[in-house]
Amino acid sequence: MAQTTRPLSPHLQIYKWQSQMVTSILHRATGIALAVGSLVILWGVIAISIGPEAWASFHAVAASPLGLVLLFAWTWALWFHFINGIRHLYQDAGAGYAISTFIKASWFSIVGSLVLTLATWAYVFMGGAA
Amino acid sequence: MSRDLRNPLQRARGLGSAKEGVGHWWNQRLTAIALVFLVLWFVVLVLGLLGHDYQAVRASIARPWNAVLMVAFIVAAFWHAVLGLQVVIEDYVHTRWVEVTSMVVIKLLAVAGVISGVFAVLRIALGS
């Protein structure tokens, strides 16, 4: 930390919680989680390349109770980062900066990601065996 | 002792961005746009493979389009991840040597991840 006697901006706890702030924080958090998750995808692909036994042990971990919970969390992280990322691209283009639009879009990221996550897992449990 | 009496801002003005000023930002967006499509493809692929046995999963990844898109997905995902983690580290790690060390570790890990992932896809696709 730079040593300074200048005034600092107030830290997190001073602000009222708002949806725009939550989505911003969640975008970073889910990004970090997805970076870790990409290592799991890597494990899966490498396991397929090695052979049936390596795949079986990967599959056993993924289909275990803890594995399913993590996969469920990962699915939400993916869909949140996906929707909120598209929202960021839209805002990078200079659009959607009216305050009411901005707040609505942040709620869209939250609700949309939950809907997509539930839809994905509804498909998993109804469509194919896990 | 320099005889240049201009202040630092005056010296920097007009020199531009050394041509890489927005490189990080721009690559983050390009990989994001690619990943919008690649993530959708990946999720559809995985959901379609639910309940299939090893041979079917392997045969599916081995198909040319799937193998090519899988390589694209791995490269774009790791690239995007490194750019994102770099910003997080720059923002929150204030001890210089920790900052530099974690950047080096993350970049080397990502490169190792991409190489081993692409190699695995090639093994699957080319059947060895």
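**Exercise 1.** Describe how helix H1 of chain A packs on helix H4 of chain B.

*Solution.* Start with the axes, which are lines fitted to C-alpha atoms over the stretch in contact, with angles from 0 to 180 degrees between N-to-C directions. The axes of H1 (residues 19-50) of chain A and H4 (residues 64-92) of chain B come within 10 Å. They cross at roughly 135°. Next, classify: angles under 35 degrees are roughly parallel, over 145 roughly antiparallel, 65 to 115 roughly perpendicular, the rest oblique. H1(A) and H4(B) are therefore oblique to each other. The crossing is left-handed (near helix turned anticlockwise from the far one by less than a right angle).

The model is predicted: local features need pLDDT of at least 70, side-chain atom pairs 80 or more, while totals for chains, interfaces and linings use all residues. Residues are numbered from 1 along each chain as its sequence is written, and chains are lettered from A in the order written.

**Exercise 2.** Which element of chain A gives the most to the side that touches chain B?

*Solution.* Take contacts as C-beta atoms, placed from the backbone, within 7 Å. Chain A brings 26 residues and chain B brings 26 residues. H1, H2 (52-63), H3 (65-92) and H4 (99-127) of chain A each supply at least two residues of that side. H1(A) gives the most, with 11 residues.

**Exercise 3.** Is chain A spread out or a compact globule?

*Solution.* Chain A has four helices and zero strands (DSSP runs; helices H or I, at least four residues; strands E, at least two). Its radius of gyration, over C-alpha atoms, is 19 Å.

Key. Two residues are in contact if their C-beta atoms, placed from the backbone, lie within 7 Å. The radius of gyration is taken over C-alpha atoms; the globule rule is 2.2 Å times the number of residues to the power 0.38.
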